Amino acid sequence: VARAVQNDWKTAPVDEPTRALLAYAEKLTRTPQAMTEEDMNALRNQGHSEEAIHDATQVISYFNYINRIADALGVDPEEFMPPAP
């Protein structure tokens, strides 16, 4: 019997630097207007470099941007992608 995969970063078995990055990504995605210097400090405190924080911010923001474009224009998912719940 196949088990369902839990896609929740909060309970995933990841290290603390990764968990901090995932928290940052979620906040940037859901409430970008609420981002503060403390959000970046949380990443710095976990050992992320300025370059890594910059790169992560660029990638997260780009995916948010392109997903909004796809949603707005009604772009259908690829056939290999499961339907959204």
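## An aromatic cluster

Tyr62, Phe63 and Tyr65 are tied into a cluster by ring pairs. Rings of Phe, Tyr and Trp (its six-membered ring) pair if their centres lie within 6.5 Å, with planes under 30 degrees apart counting as stacked, over 60 as edge-to-face and the rest as tilted. This is a predicted model, where local features need pLDDT of at least 70, side-chain atom pairs count only at pLDDT 80 or more, and totals for chains, interfaces and linings use all residues. Residues are numbered from 1 along each chain as its sequence is written, and side-chain values use heavy atoms, leaving out hydrogens and water.

## The ring pairs

The pairing rule gives 2 aromatic pairs. Tyr62 and Phe63 sit edge-to-face, at 5.9 Å centre to centre and 85° between the planes. Tyr62 and Tyr65 make a tilted pair, because their planes are at 45°, with the centres 6.4 Å apart.

Tyr62 and Tyr65 are both in helix α3, 3 residues apart, or about one turn of the helix. That helix covers residues 50–73 (helices are DSSP runs of H or I, at least four residues, numbered from the N terminus).

## Out on the surface

How exposed is Tyr65? Tyr65 is partly exposed, at 49% relative accessible area, and Tyr62 is partly exposed too, at 47% (partly exposed lies between buried, under 20%, and exposed, over 50%, with a 1.4 Å probe and protein chains only).

Val59, Tyr62, Phe63, Tyr65, Ile66, Ile69, Leu73 and Val75 form a nonpolar surface patch with about 800 Å² of accessible area together. Areas come from the Shrake-Rupley method with a 1.4 Å probe; for residues, only the protein chains shown count as cover.

Technical notes:
Patch = residues over 30% accessible without salt bridge, like charges linked within 9 Å, V, L, I, M, F, W, Y side chains within 5 Å. Salt bridge = Lys/Arg side-chain N within 4 Å of Asp/Glu carboxyl O. Helix = DSSP H or I, 4+ residues; strand = E, 2+ residues; numbered from the N terminus.
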